[in-house]
Amino acid sequence: MVDFHNKTTTIQTLNRLSPETQSKFGIMTPQHMVEHLILLVKLSNGNLKGQLMKSEETAAKWKQAILYTDMEFPQGIRVPHLPENTLAELRYEDLEKAIDKLEKEIGNFEDFFQNYPDELTMHPALGLLNHKEWLIFHNKHFAHHLGQFGLI
């Protein structure tokens, strides 16, 4: 199990990656995966404004299934804004810098919800989430991607 709230352990786990680490499934490289995590953490901490990409009804069903059941993230789930078998352009110079940025954004998440404990921020597929819901999401999402690279 991943404890997203324990930033130190999460980052130590990610630091076991190298650019050559092979994924067990999917097409992401280690850096693509870390940059993908950055994006979702930025959505949760208010540093990036998201918009709902599903109907509210579909989002409510997905939210219920993903957050309120033991369901794990399915392998092969796609990032909706990218064409199939396409990776996003890398934004950071290297994997190390991407992990550093992720660590900062996790800290921003902690600060944001300490300052605004009742705030809701938009997840593109699940709708508005509160702090507790984002923690559940991040734990499952990080576990999915850490498992993708054999880190857990």
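# Reading the core, rings, pocket and selected residues

A: The largest nonpolar core has 32 residues, and Leu14, Leu17, Met33, Val34 and Leu102 are those with the most contacts inside it. This is a predicted model, in which local features need pLDDT of at least 70 and side-chain atom pairs count only at pLDDT 80 or more, while totals for chains, interfaces and linings use all residues. Residues are numbered from 1 along each chain as its sequence is written, and side-chain values use heavy atoms, with hydrogens and water left out.

Q: Which residues does Met33 touch, not counting residues up to four places away in sequence?

A: Contact means heavy atoms within 4.5 Å. On that basis Met33 touches Leu14, Leu17, Met28, His145, Gln148 and Phe149.

Q: How many aromatic pairs does a search of the whole structure find?

A: Rings of Phe, Tyr and Trp (its six-membered ring) pair if their centres lie within 6.5 Å; planes under 30 degrees apart count as stacked, over 60 as edge-to-face and the rest as tilted. The search finds 5 such pairs. One of them joins Phe112 and Tyr116, with 5.4 Å centre to centre and 45 degrees between the planes, so the pair counts as tilted. Ring pairs link Phe109, Phe112, Phe113 and Tyr116 into a cluster.

Q: Is Phe112 buried or exposed?

A: Buried means under 20% relative accessible area, exposed over 50%, and partly exposed in between (1.4 Å probe, protein chains only). Phe112 counts as buried because its relative accessibility is 16%. Tyr116, at 47%, counts as partly exposed.

Q: Where does His131 lie, and what is it in contact with?

A: His131 lies in helix H5 (residues 131-148) and is partly exposed, with a relative accessible area of 23%. Leaving aside neighbours within four places in sequence, His131 is in contact with His5, Phe109, Phe113, Pro117 and Glu119. Thr121 is 10 residues from His131 along the chain, and their C-alpha atoms are separated by 8.7 Å.

Q: How do loop residues such as Lys24 and Gly50 read?

A: Lys24 lies in the loop between H1 and H2 and is exposed, with a relative accessible area of 63%. Beyond residues up to four places away in sequence, Lys24 touches Gly147, Gln148 and Gly150. Lys24 and Glu119 are 95 residues apart in sequence and 36 Å apart in space, C-alpha to C-alpha. Gly50 lies in the loop between H2 and H3 and is partly exposed, at 28%. Leaving aside neighbours within four places in sequence, Gly50 is in contact with Leu43 and Met122.

Q: Which residues of the lining of the second largest pocket lie nearest its centre?

A: On a 1 Å grid over the protein atoms alone, a pocket is an open set of points where a 1.4 Å probe fits, with protein on both sides within 12 Å along at least five of seven lines; lining residues have an atom within 4 Å of a point. Of the 16 lining residues, Glu72, Phe73, Lys140, Ala143 and His144 lie nearest the centre.

Technical notes. Helices (H or I, at least four residues) and strands (E, at least two) are DSSP runs, numbered from the N terminus. A nonpolar core is a set of buried Ala, Val, Leu, Ile, Met, Phe, Trp, Tyr and Cys residues joined through side-chain atoms within 4.5 Å.
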